[in-house]
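Have a look at the fold first, then read on.

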Amino acid sequence: MLPSLVGLDPDEICTLLDLQPRFRGLQLFQWVAKGISSFDEMTNISRGDRDAFARKARLYSSSVTETQQDPDGTVKLQITLADDASVETVLLTDREGRKTACVSCQAGCGMACAFCQTGRLGLQRNLSAGEIVEEFLYLEKAAGKLDNIVFMGMGEPLQNLDAIFKAVSVLTNKKGRALSSRRITLSTCGLIRGIYELADREAATGIGIRLAVSLTTADEGLRKSLMPVAQANPLPELKQAIAYYIGKTGKRVTLEAALLAGVNTGRESAESLIQFVSGLDAYINLIPWNPVPGLDFKTPSTSECSHFLKMLDDAGLNVSLRTRRGTSIAGACGQLGKITRTGTEGRHRSILEGVTH
């Protein structure tokens with residue numbers, strides 16, 4: 001199978017295709033960043049050279065196999081990878097018309113959160129940097145230039161930092177797509193070691209990814225029952241890691257809480273969250289749980305959400321309630337994930353649906 005060019009920088013393209021002069025690598029890199037579909041679209045390169053490149057490499061390693069659109073404008077793509085694994089990526093549009101790519105970094109997820117069905121599937125594999133960049137380019141083909149990218153799709157980003165930093169370096173390259181790193185957010189379920197590594201990498205590279213932490217609750221016992229990751233990543237140490245990130249990068253952190261009716265929306269949950277946030281430069285994003293078939297949790301009512309938000313607001317916290325989008329296509333927060341596998345006998349396909357963010 002031919003190697004793909006998406007996800008490579010100009011020097012890597014030169015090396016792969018043995019290009020002379022070296023500026024040819026930059027030419028190809030810039031064409032790829034524009035989201036072209038074939039070498040034939042490289043109009044400033046001769047036909048002979050384009051044909052030669054096509055014999056040595058391909059542009060994309062994956063393909064879009066399904067597209068769905070919600071009436072609210074949300075678009076969800078199912079992307080089939082070269083090994084027949086499958087991920088989903090989502091285009092979100094806010095009320096001001098700003099467009100955000102919500103991309104996946106893993107096929108499957110190994111975090112096993114109780115309210116997250118993809119965690120039940122286990123981790124199939126990490127995505128490569130090229131596969132991550134392909135998600136973004138596919139969404140731009142579907143919707144035009146995007147304003148932001150969030151690593152909040154399938155998988156735990158801090159388990160795949162090498163690929164994420166490589167993808168970000170390609171997307172932010174000023175000679176290519178030139179996306180601002182300030183418009184990139186990574187969401188983790190709370191891997192302490194990964195938060196320290198992210199802070200140190202940002203300081204060393206100057207790449208300014210923003211951090212969001214899926215806290216869900218600051219009640220230690222409840223969090224352990226909902227999120228197995230909490231067993232090895234206790235709240236006091238998680239808070240220290242978040243404080244380290246804030247101090248190292250100088251950036252505010254977003255703390256996300258998936259609101260589960262009657263579970264983490266009472267006064268005790270509010271008070272524990274208020275105590276956890278004390279001393280942190282943090283913004284609270286409340287996310288009403290979106291229904292997932294097979295899970296017994298319930299979405300809190302509007303009044304339940306508003307009451308919880310008011311308790312946090314009255315305590316002086318910076319807090320907001322996320323608008324639900326993409327629910328009709330299972331593209332909302334907490335609903336992503338089709339995993340497709342090919343069996344050893346023939347082309348048997350089993351599709352399991354779930355969520356990770």
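1. A107 is found in strand β5, which covers residues 106-109. With a relative accessible area of 0%, A107 is buried. Its C-alpha atom is 6.6 Å from that of G155, although A107 and G155 are 48 residues apart along the chain. Keep in mind throughout that this is a predicted model.

2. Now the sheet. Ten strands make up an open sheet with mixed pairing, and the order reads β1-β2-β3-β4-β7-β8-β9-β10-β11-β12. Which strands stand at the edges? They are β1 (63-69) and β12 (318-321), and each has a single partner strand, so one side of each is left without a neighbour in the sheet. From one strand to the next, the twist averages 20 degrees.

3. Next, the β1 end of that order. Strand β2 (residues 75-80) pairs with β1 in the antiparallel sense, over six bridges.

4. Another helix to look at is α6 (residues 161-172), which lies across β7 and β8 (184-188). It runs at about 170 degrees to β8.

5. How many residues of strand β10 (residues 253-259) are buried? Six of the seven are, so β10 is largely enclosed by the rest of the structure. Strand β9 (residues 210-214) runs parallel to β10 and is joined to it by three bridges; here V213 stands opposite L255 in β10. Strand β11 (residues 282-288) also runs parallel to β10, with seven bridges between them.

6. On to a helix pair. The axes of α7 and α9 come within 9 Å and cross at roughly 5 degrees. That makes α7 roughly parallel to α9, since angles under 35 degrees count that way. Among the α7 residues that meet α9 are I192, I195, L198 and A199, and the α9 residues they face as a group include L238, A241, I242 and Y245.

7. The structure holds three aromatic pairs. One of them is formed by Y196 and Y244, which are tilted, at 4.8 Å centre to centre and with 55 degrees between the planes. This pair links distant parts of the chain: Y196 belongs to helix α7 (residues 192-205) and Y244 to helix α9 (residues 235-249), and they are 48 residues apart.

8. W289 and F297 make another aromatic pair. Their ring centres are 5.9 Å apart and their planes lie at 70 degrees, so this pair is edge-to-face. W289 is buried, with a relative accessible area of 5%, whereas F297 counts as partly exposed at 22%.

9. The charged end of R201 sits over the ring of F165, 5.3 Å from its centre. Likewise, the charged end of K239 sits over the ring of F276, 5.9 Å from the ring centre.

10. A quick look at S272, which lies in helix α10 (residues 267-277). S272 counts as buried, at 17% relative accessibility. Leaving out residues up to four places away in sequence, S272 touches A218 and D219.

11. Finally, P10, in helix α1 (residues 10-17). P10 is buried, with a relative accessible area of 16%. What is P10 in contact with, leaving aside its neighbours within four places in sequence? The list is G25, L26, F29 and N173. P10 and Q30 are 20 residues apart in sequence, and their C-alpha atoms are 8.6 Å apart in space.

Conventions: Residues numbered from 1 in each chain as written. Predicted model: local features only at pLDDT ≥ 70, side-chain atom pairs only at ≥ 80, totals over all residues. Heavy atoms only, no water. Pairing = 2+ DSSP bridges. Helix = DSSP H or I, 4+ residues; strand = E, 2+ residues; numbered from the N terminus. Axes fitted to C-alpha atoms, helices over the stretch in contact; angles between N-to-C directions. Contact = heavy atoms within 4.5 Å. Phe/Tyr/Trp six-rings, centres within 6.5 Å; stacked < 30°, edge-to-face > 60°. Buried < 20%, exposed > 50% of the residue type's maximum accessible area, 1.4 Å probe, protein only. Lys NZ or Arg CZ within 6 Å of the ring centre and 35° of its normal. Parallel < 35°, antiparallel > 145°, perpendicular 65-115°, else oblique.
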